[in-house]
Structure formats: C-alpha cells, structure tokens
Amino acid sequence: MPAPESTSEHFFQSFGPHASKATGARLDPGSVPDRAVNTHCCFCGQQCGITLLVKDETVIGFEPRYDFPFNQGKLCPKGVKRYLQGAHQDRLLHAYERYLESPDGFRVTSYNEAIQRVAEAINRIQAEHGPQAFAVLTGASLTIEKAYLMGKFARVCLKTPYIDYNGRLCMVSAGAANKKALGIDRAANPMSDVLSAEVVWISGANIAECAPITTDYVWQARERGARVIVVDPRITPIARTCDLFLPVKPGRDIALFNGILQLMIENDWLDHEFIRDHTTGFEQLAASVQEWTPAHTAEVTGITEKAIRQAAEWWGTAKTSFLMHARGIEHHSHGVQNCLGAINIVLASGRIGREGCGYATITGQANGQGGREHGQKCDQLPGARDLSNPEHRAHVAAVWGVPPESLPEPGVDAYEIFRKIDKGEIKGLLSICFNPVISLPDNNFVRRMLEKLDFYVAIDFFLSETARYANVVLPGSLQEEDEGIITSTEGRVIKINPAVKSPGEARQDWRIIQDIAHALERPHGFTFESPREILNELRAASKGGIADYSGITYEKIEKQMGVFWPCPSDDHTGTPRLFEKGSWNPIAKGNGPFYFPDGRAHFVVAPYSPPTEVTDAEYPLILTTGRVVSHFLSGEQTRRIGPLLDQCPDPYIELHPELAARLGLADGDWATAESRRGSTTLRVKVVRSIRPDTIFIPYHWGGRKSANQLTIAAQDPISKIPEYKVCAARLRKAESDHAHN
Ligand code: SF4
C-alpha cells in the first residue's frame, strides 16, 4: 500500500521527526532524581557504561559510569545526549492502523485489536499462499533475548524460512571471513590489548566518529610509542593523528593486503614457527600474492610504493600489534575477501592470541555482535549453530520441544526478501527495529516493494520512514524500558537494566511477539514471563555451540562487569582473549588454538576483483558513504535529538578542492549527485581530506536526502552484504535543492 505522500505535512506534524531539547526537570539543576540506574548506551556496539538518572518515570539526565572498564566514564556526543530520547513527543504511545481518510494517514487503534488484525492477516496470507509467504525482518539493536525470540518466532510459530536482520548491512563480511579463517566469529581480543601493541593497523574504520571510545585506546597506545597506520579513502579524524596514512582507492583493500603480504614474504618478516604449527594453506596463499609487487599494488590501490613499503616494514617487523577493521573494507561486493586479506597478514605475523597481539572487527549496532549469534540470521540457530546441520537442528529442536524436521530450511538475506516480494513469493512482512527505506541500497526499489505487500506490520518506538508503509504499527520499547543482555564489540556480554516503564500502550517487544503468537493460537514456546526466562532457555539452546552462553547469568555479568563468551559452565569466568593457550575450545578439543577440529587457522587465498560498478565517462566519480559522529545509522533516533541534529542537521557532499574547481563548485554550493539508480541535491563541503576521484555522502537521512537512492544493490556472494562503499557517480552544480528535496 502506498505511503501517505499527499499527507506528508500532517504526517510529520503527528509523527516527526521533531527535535527534543532539554526542558523542565532535565534543564533544572535543582532536580533531584528518584533513582540512578547503571546500564549502557543505546547506540553503538561499543556499549559504553552509563548511569541514567530517573525522576517521575522519565530519564532526566545521566552520570558517567567510571566503574565500567571499557569506557571508564567516557562517552561520545551521542552517549551524552541519549537521555533526550525518552519521553519524546514522537514516541509511539498507541497502536496505529493505516487510515487514508485521516490527514496523517493513520489512526489510533487499541493494542488488542491491532494484535488481532496482525494475526488475521498472517493466518489469511499463510492459508492462501503457504507459511513461507510471510517474512520477518529484525534488528541488531535488539537484546539477545529478543533476537533469540525472533528467530524462534519465525521458525516455530510462523514456520517461515524467511527471517533476516539488519546486521546483514553491517558485520556479515567480517563474520564470514572470521569463520572461514579462524572458525569463530568474534573479535579475538579485548580492546585493552591495543594498549601494548607496537603497531596499530586500522583499515576502513572511521573510529573517531563511529566508535569514538576505541580512539582513546589507539591514542593511549600511541602515547606509549605505538605506530598507527590508517587505511582509508578519506583523512578521517583518526587519520589526522596517525603515523602513516594510506589513501586507498575505494574497493581496492584486498590488493593492499596482498601487497603487504608479498613484502612480508620477500623480506622474511614471517613467524615461520607459528605458520608451521598453527595454520594451513600458507604455500598456496604465498604463490597467489607473488604478482602483488609494490609497483602493481601501488597502481591498483592508488597508494604510493614508498608508503606501501613503509607500512609493510612496520607491520612485518613489529613484536606486538593490533589490526582492526570496520565497514570500510566490509561494505563491498568482495567484502569477505577484504577481511580474509586482513586476517592473512595477521596470521602471517603470528601475532594473535597473546597479550598485545590482537585482531578485531568493530561492530556497528549496539548488539551487532550478539545479534548475529542466536538465530535471527537466515541460516542460523542459537549458539551460532547452523540451520542446515542435522545435529544442530536436533539440539535446538529438542530445547524448543518441536520435531527437528518441523524447522524450516535456511532462508535468504534481507535484500533477497525484497526481491521475493517483487516476484510475488512473499506477501506479508513483520519488521522490528529495521528501517530499510533508509538503510538498504537502491532504496527506491525497497519503497516500491513495501507498497506491493498485501500486509505489513512494523514494531517500533517511533514511526519510522519505513513504518509509514505499514498497515499496522505496534508500539514497542525503548532500550531503557526493558532488561536483557547485549554483546559488545569486544565479545563482552553486558546487561541492560530497565530504568523506566513503557509509556501508554507501548509494550516490551518480547511481549508483543508473544501476544501475536497467542492471537495466532500458536502459543507453544511463547509463554515467557520475563527476559530472564528467555535467557535461561537461550543458555540451554546455545550450550555446546561455538557461541556458548550456557554459563552466563545476569548475576555473573554484574559481578564481573561483563562476561566474554564463550562461557560454557557456571564456574567458567568467560574468555576475554580467544586462541590463547588453554582457552576453552569445543571444536579443537586441545588440538590447537583455532576453532577447527585440527586447531589450525586457515590461510585463504583472497584474489583481487574490482568493485561491481567502476567509473566511466558517464559516471566518472566514485561515491562512498558513511557516518558522522552525531548520528547513528538510519538516523531514526538521533535525528530526533535536538543537540545532535544541531551538530549535523543535513547531509552534504564532500569533495576535494581539485574536483570542486573542475566542476565550478565552492563550499556551500548546491550540487546534484547522480548514479544510475537515483540522485540527490545537497550542499557541498570542500575538503582536502578526500581523494580527488571520490565523493562522500553520509547516509543517515531519508526521502530525497537519502544517499542510498544512489548506492548499488550489488552484494558479496558469500556474506550478501551490499556494496555501500563504491559505486559510480557524477556531480553537477545545482541552483537550489528545490527541484529535489
Ligand atoms: S554511541 Fe557508542 S561510543 Fe558513543 S557513548 Fe554510545 S556506546 Fe559509547
């Protein structure tokens, strides 16, 4: 059903986004809170500790939480202002249904009637078209209890194979590469290992804006003498303080990693003993990188030969080191290959599984790590088990009290779900905490697919740009209205504590899902009374899996300030550093440090291939996208927080002065960026910190300001991550944004 475009003005009046400001008790320095709740920031995967101050069931402020070891009181701008999200004027207090006669396109309906309507639609669609005609899209901001419940809801209650999550847009390339090379998908080390590294290598990670607290670890390491190498097409804030900057052409990271490895081999900067005793496949890999001479690497990557040689020498000769990467190398149609290239230079150095010798992938969303371990991925069961593995199916089916054969086979990734809507194979959709109208590439297609659905129900706490297309909107819960666990970027499982009750008719998300199951008269397995009960079942379901949470309890988390998984028993304290001698490993069982039966890590040949869409005469520029420090992902939350919006009210097009001069553009001018899929007209920001062949647009906005109108829906063949970081574009001066926005 089309979104109520003709009623846009009324829609925005009713549902926002409006910008919250500190007023009333939040502004009054004399306000005395009723209570202080130790919990964590609701935004990124760093999961900084924070103490929320509560008065009259409203979060009115915060205090730094110095006792939490990861951030020790530090917060970024988003964390400092997150308290302005609660009691927001846009907060959904009721259920809504589409009603085109209403000026804003919706009308309030009772919660129970909305649930009944959802159940009737699911029953109707599944009776007419089969169980697989209804799909579920979920989010990596959900607690682990909720993520677990969503996977179970799809497989046991709806019996549909079609569930996937928005971590598909985030961590899956890193996860797939980690599993291929190391056998386990988790950051190998706690961030504290950065402090004793001689060299810190940061590839495709704008950590100062996207994972700001990690910046502090890097700077502390630098103060202790570490050399910092940053690889990025832009001189990001962390790059401004690094020792060596490698301005890679977008989409060419694997060429750089192969070139570094070639120099490590040529100069014998290898840990032969480690390679011999703990890995497989080195000879084949070594043969494959012979062609990556410094000259060839320089030609493909756009980095000077001198800088490549310097980076290889520093990396190759270090005694300790830490390599980290994020979306910059992962958001590619060969994102898995890029990550494998990074792992190859770590393994060749032998510097992993020891203090000061680390490797980490930086998660984006709050539960980017835990949200990809317990069954909301299309091919996965809890405990990072495999839905296509008969033993894994039997274990989880026994915990769920259903026959293994009743579990659907693996489904498809989130973007493919939209292609199946296009083909008419999927008719109904339930989404929770996923905003694909902004976050998926080529999002004009996504919009059309939402319009094509027979029935769409969205669960959220604000009426997002995507929920505008819903037939029914159910009011879910904010992070501070529920309890549960989340796994941070380090692999540390932490506890979110409830600070306030859900307002109006809003409900905790796990209650809403169970209400739907009951209205469908399919209550088996959906009778939990609390998140603690859900966790207890998850502990059993994950037991013996790679992501074993069976020894993790709320009490242990509170006592230890988090528990690093795997934690396989009540008396186990967790595993801060993977691959350490003697650490628990249910796959290798004493044969070696890595999570394969022989205990050996796998070197994997990672050949270079160019991005799916290369530049040409018609579209001569590379468009790359990313984040700014004051906004978070689709901006659904941060565009409603006044001070964060003030800091960055609108997207912009960043370009180099050389390119600006060629196009006759000055800082602040309007320009239209176009790709083969769409266009947007924004103001330009002329900066020396970007490659002259590349333009950058932050992607946190919707509608005609959305960068993802332009991006390409090409996906990595293994991880299915979209190629957000490279597509071909062109740019021209515009008189104003009126024609477009
Ligand atoms: S957004 Fe991330 S880095 Fe910033 S305070 Fe929150 S958890 Fe910490």
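A residue is called buried when its relative accessible area is under 20%, exposed when it is over 50%, and partly exposed in between. I start there because aspartate 268, at 45% relative accessibility, falls in the middle class and counts as partly exposed. What I am showing is a predicted model.

Let me stay with aspartate 268 for a moment. Aspartate 268 sits in the loop that runs between helix H8, residues 253–266, and helix H9, residues 272–278. Its phi is positive, about 55 degrees, although the residue is not a glycine.

There is another residue of that kind, glutamine 47. Glutamine 47 also has a positive phi of about 55 degrees without being a glycine. Its place is the loop between S1 and strand S2, which spans 49–55. Is glutamine 47 buried or exposed? Its relative accessibility is 1%, and the limit for buried is under 20%, so glutamine 47 counts as buried.

Glutamine 47 takes us to the ligand.

Which residues are around the ligand? They are Cys41, Phe43, Cys44, Gln46, Gln47, Cys48, Leu75, Cys76, Lys78, Gly79, Pro212 and Ile213. Two elements give two or more residues to this shell, namely helix H2, residues 77–81, and helix H7, residues 212–223. Sorted by class, the shell has eight nonpolar residues, three polar and one charged.

Where does the ligand sit? It sits in the second largest cavity. The structure holds four cavities of 30 Å³ or more, and the second largest cavity has a volume of about 80 Å³. Its lining consists of Cys41, Phe43, Cys44, Gln46, Gln47, Cys48, Leu75, Cys76, Lys78, Gly79, Pro212 and Ile213. H2 and H7 are the elements that give two or more residues to that lining. The lining divides into eight nonpolar, three polar and one charged.

Now the cysteines. Cysteine 44 has a relative accessible area of 9%, which is under 20%, so cysteine 44 is buried. Cysteine 48 is buried as well, because its value is 7%. How many disulfides are there? With a cut-off of 2.5 Å between cysteine sulfur atoms, the count comes to zero disulfides.

One more residue from helix H7 is tyrosine 217. Tyrosine 217 is buried because its relative accessibility is 7%, under the 20% limit. Tyrosine 217 and glycine 364 are 147 residues apart in sequence, and their C-alpha atoms are 17 Å apart in space.

The largest pocket holds about 710 Å³ of space. It is lined by 32 residues, and the closest to its centre are Lys179, Lys377, Asp379, Ala384 and Asp386. At least two lining residues come from each of helix H5 (172–182), strand S15 (385–386) and helix H15 (390–400). Which element gives the most to this lining? That is H5, with five residues. By class, the lining of the largest pocket has 13 charged residues, 10 polar and nine nonpolar.

The second largest pocket has about 540 Å³ of space. Of its 20 lining residues, the closest to the centre are Phe12, Glu465, Gly702, Gly703 and Arg704. Helix H1, residues 8–15, and helix H18, residues 443–452, are the elements that give two or more residues to this lining. Its classes are eight charged, seven nonpolar and five polar.

On to the backbone and its cis peptide bonds. The bond from glycine 16 to proline 17 is cis, with omega near 10 degrees. Proline 17 belongs to the loop between H1 and S1. Another cis peptide bond joins tryptophan 565 and proline 566, and there omega is about 0 degrees. Proline 566 is in the loop between strand S21, 563–564, and strand S22, 601–602.

Last, glycine 30. Glycine 30 lies in the loop between H1 and strand S1, which covers 35–40. Its relative accessible area is 51%, and the limit for exposed is over 50%, so glycine 30 is exposed. Glycine 30 and cysteine 567 are 537 residues apart along the chain, and 45 Å separates their C-alpha atoms.

To go back to the ligand before I stop: it sits in the second largest cavity, with glutamine 47 among the residues around it.

Key:
Residues are numbered from 1 along each chain as its sequence is written. This is a predicted model: local features need pLDDT of at least 70, side-chain atom pairs count only at pLDDT 80 or more; totals for chains, interfaces and linings use all residues. Side-chain values use heavy atoms; hydrogens and water are left out. A residue is near a molecule or strand if one of its heavy atoms lies within 4 Å of it. On a 1 Å grid over the protein atoms alone, a cavity is a set of points where a 1.4 Å probe fits but cannot get out, and a pocket is an open set with protein on both sides within 12 Å along at least five of seven lines; lining residues have an atom within 4 Å of a point. A molecule sits in a cavity or pocket if more than half of its atoms lie within 2 Å of its grid points. Helices (H or I, at least four residues) and strands (E, at least two) are DSSP runs, numbered from the N terminus. Ala, Val, Leu, Ile, Met, Phe, Trp, Tyr, Cys and Pro count as nonpolar, Asp, Glu, Lys and Arg as charged, and the others, Gly among them, as polar. Grid points are joined across faces, edges and corners, and a volume is the space filled by probe spheres set on the points. Buried means under 20% relative accessible area, exposed over 50%, partly exposed in between (1.4 Å probe, protein chains only).
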